[in-house]
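Dear colleague,

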Amino acid sequence: MRIGIIGAGGMGGILARHLARLGHRVSIANSRGRESLTALAAEIGATPVSVVDAAKAAEIVILAIPTKAVADLPRGLFANAPGSVVVIDIGNYHPELRDGRIDAIDRGMLDSQWVAQQIGRPVIKAFNNILAKSLLEKGVPRGTTGRMALSVCGDSSDAKAVVLHLVDDLGFDPVDGGDLGDSWRQQTGTPAYCHDLEAAALRRALAEADRSRIAEYRAKREARIRRSL
Ligand SMILES: NC(=O)c1ccc[n+]([C@@H]2O[C@H](COP(=O)([O-])OP(=O)(O)OC[C@H]3O[C@@H](n4cnc5c(N)ncnc54)[C@H](OP(=O)(O)O)[C@@H]3O)[C@@H](O)[C@H]2O)c1
């Protein structure tokens, strides 16, 4: 498939590498322009492009940028993209560590609902609850004992099916996490967040999350990251 990845840092770079290896036509973009991506793109077999071009010709667009940067994306980025384009949001809102306060999220909007609102397109939430190192190293063929699982949330069953398939191809058991309105269950710091769980354990973790604790989960995780820095 033609896959455009906006953001070529820790996560975007790894996704680009794996997806290019699987035979997809991968374009990568960042904030500094395509020249800054020439070496990385050549190494992994992707094409460096502008943000606009990453969104333009792709069947799947992956947003792999800090949450606050979503508001800086060009206006109307997806205005002319066909409705069939699948947009994947892998982001996590980190108000204390990186993003600053985003009022709508602080008032209760889910991370990916806010992203969808900003870009004016529905998104699928996936890959936000796996650390870059695990994404790089832990993918294994289907049927391998102990295979890690990744959950996917979204409102379009067709778009979600595309992403569930991609998760499997990347070496992880795909788990349907429900609609986008369920995606709080895999946001920062929840039981389903970055614990490298197998499918049954991931389903249990998603089920045991407590919606009233979204802010607490996030704050605890941010505090933990801060202590580790
Ligand atoms: N790291 C993890 O383990 C992990 C795991 C799951 C989810 N996530 C989430 O995934 C997202 C990306 O994380 P990351 O660790 O990959 O971040 P990162 O290493 O800091 O990379 C961020 C990338 O976004 C690009 N970018 C920033 N602003 C942009 C803009 N306005 N337009 C286009 N590109 C822009 C940067 O390009 P420039 O360098 O040119 O500015 C860079 O390539 C975040 O929301 C993060 O919370 C991270």
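Predicted model: local features only at pLDDT ≥ 70, side-chain atom pairs only at ≥ 80, totals over all residues.

Residues are numbered from 1 along each chain as its sequence is written, and side-chain values use heavy atoms, with hydrogens and water left out.

Overall form

The protein has eleven helices and eight strands; these are DSSP runs numbered from the N terminus, helices being H or I with at least four residues and strands E with at least two. Its radius of gyration is 17 Å, close to the 17 Å given by the globule rule for 229 residues, so the protein is as compact as a globular protein of that length. (That radius is taken over C-alpha atoms, and the rule is 2.2 Å times the number of residues to the power 0.38.) Along the principal axes, the C-alpha atoms fill a box of roughly 45 × 40 × 40 Å.

Of the 229 residues, 52% count as buried, where buried means under 20% relative accessible area, exposed over 50%, and partly exposed in between, with a 1.4 Å probe and protein chains only. Among contacts (heavy atoms within 4.5 Å) with a separation of 6 or more, 68% join residues 24 or more positions apart.

The cores

A nonpolar core is here a set of buried Ala, Val, Leu, Ile, Met, Phe, Trp, Tyr and Cys residues joined through side-chain atoms within 4.5 Å. The largest one has 36 residues, of which I5, L15, L19, I28, I62, I88 and F127 touch the most other members. Several elements supply at least two residues each, including strand 1 (2–6), strand 2 (25–29), strand 7 (149–153) and helix 9 (157–169). Helix 1 gives the most to this core, with six residues. Beyond its neighbours within four places in sequence, L15 is in contact with I5, I62, I90, F127, L135 and L170. Another core, of 27 residues, lies apart from the largest one and has A29, A55, I65 and V115 among its members.

Helix 7

Which residues of helix 7 are buried? In this helix, residues 111–119, they are D111, S112, W114, V115, A116 and I119. They pack against strand 4, helix 4 (67–70), strand 5, helix 6 (103–106), strand 6 (124–125) and helix 11 (214–228). The helix is followed by G120, whose phi is positive, near 70 degrees.

F127 is found in the loop between strand 6 and helix 8. Although F127 is not a glycine, its phi is positive, about 65 degrees. With a relative accessible area of 1%, F127 is buried.

C194 also has a positive phi, near 60 degrees, and is a residue other than glycine. C194 is found in the loop between strand 8 (173–178) and helix 10 (199–208), and at 10% relative accessibility it counts as buried.

A132 belongs to helix 8 (residues 132–137) and counts as partly exposed, at 26% relative accessibility. Leaving out residues up to four places away in sequence, A132 touches G10, M11 and I14. The C-alpha atoms of A132 and M11 are separated by 5.6 Å, although the two are 121 residues apart along the chain.

Yours sincerely
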